[in-house]
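Have the sequence and the 3D view side by side as you read.

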Amino acid sequence: MVANLSPRKTLTHAPVLTEEVVRYLAVRPGGRYVDCTIGAGGHAAAIMEAASPGGVLLGLDADPSALEIAAQALSRYEDDVQLVESNFRELARVCGHYDFVPVHGVLFDLGVSSMQLADESRGFGFQVEAPLDMRFGPNQTLTASEIVNEYREEELADVIWRFGEDPASRRIARAIVRARPIRTTTELAAVVSRATGGQHGRRIHPATRTFQALRIAVNDELGALSEALGQAVDVLGSEGRLVIISFHSLEDRIVKQFIALESRDCICPPERPVCTCGHTARLKPATKKAISATAGELELNPRSRSARLRAAEKLAEKS
């Protein structure tokens, strides 16, 4: 689906690290950019402002509701912005279809957006009662309800441990299985809270990690990221920039390892005396370490607290 750039509805949403995104993408007038997670269009609007005159942008999102909101935010740019309903694991295919290769920059703003959290029907949060859904896109088949109510206890514990890194994963999974069927977000949050002893002394709600784990599993977020990063480098032109904002350690670890790997000519095991991998470095890091929000942004936008930005530049091909 291609979104129509005409106003439909309004929603307040503050993108994180916007100044840093524009800086590390090295946005230039007339440049070509891909926003792989267009969301409400905040980052894209900043990119287009810096890329004017002549800049163009391709925006992807699996969530059609996000595309409608982004269409309003970006309506002033009309034909210079193309919005497409697609998961970013299809990045190379979408760019090829729209003849949008090579590009000067690719942006990923990972995780769930504040507008998705605010949509009570989606089931991403547990502050209000909602069905256990958590899908980014309506065409996806797996839901959080299926995982919660149909996975074996061992499978459920593995999801909560792998994607939520919760040390109480086995206890939580056991409690969930015993409480089945669980129909709503508030029911699930209560089960997890009872299984872990409640809120006492905790900085975050005891169900936070379980909900994160379910969302990641439903949307295969880590798998999609691993697939998309290589495609992003493929569509970049020489000296093009790759910028990724992550919100938890699992995502950031994948990004950090990917940039490190693609910045090396040889990836053979250290004990191998002669290189046989044939790997050639395609990137050089543009950030020495992850960039975090400033104190000023933290005060204005608490969501930026966990944001981490990493960037890399594509190297020219060796002749």
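How many nonpolar, polar and charged residues are in the lining of the largest cavity? The lining has 13 nonpolar, 12 polar and 6 charged residues. Here Ala, Val, Leu, Ile, Met, Phe, Trp, Tyr, Cys and Pro count as nonpolar, Asp, Glu, Lys and Arg as charged, and the others, Gly among them, as polar.

Before going on, some ground rules. This is a predicted model, where local features need pLDDT of at least 70 and side-chain atom pairs count only at pLDDT 80 or more, while totals for chains, interfaces and linings use all residues. Residues are numbered from 1 along each chain as its sequence is written, and side-chain values use heavy atoms, with hydrogens and water left out.

Back to that cavity. On a 1 Å grid over the protein atoms alone, a cavity is a set of points where a 1.4 Å probe fits but cannot get out; a pocket is an open set with protein on both sides within 12 Å along at least five of seven lines; and lining residues have an atom within 4 Å of a point. Grid points are joined across faces, edges and corners, and a volume is the space filled by probe spheres set on the points. Searching the whole structure turns up 1 cavity of 30 Å³ or more, and the largest cavity holds about 410 Å³. Of its 31 lining residues, T37, D61, D109, L110 and G111 lie nearest the centre. Helix α11 (221–235) is among the elements supplying at least two lining residues, and its 3 residues are the largest share. Helices (H or I, at least four residues) and strands (E, at least two) are DSSP runs, numbered from the N terminus.

Now for the open spaces. The largest pocket has a volume of about 1200 Å³. It is lined by 32 residues, with T208, Q212, R215, R305 and S306 closest to its centre. Two or more lining residues come from each of α5, α10 (208–219) and α12 (249–262), and α10 gives the most, with 5.

Finally, find strand β5 (residues 236–246), where 9 of the 11 residues are buried (under 20% relative accessible area, with exposed over 50% and partly exposed in between; 1.4 Å probe, protein chains only). β5 runs parallel to β4 (residues 103–109), joined by 6 bridges; two strands pair if DSSP finds at least two bridges between them. D109, one of the residues nearest the cavity centre, has I245 of β5 as its bridge partner. β5 also pairs with β7 (residues 308–314), in the antiparallel sense over 6 bridges, with V243 opposite A311.
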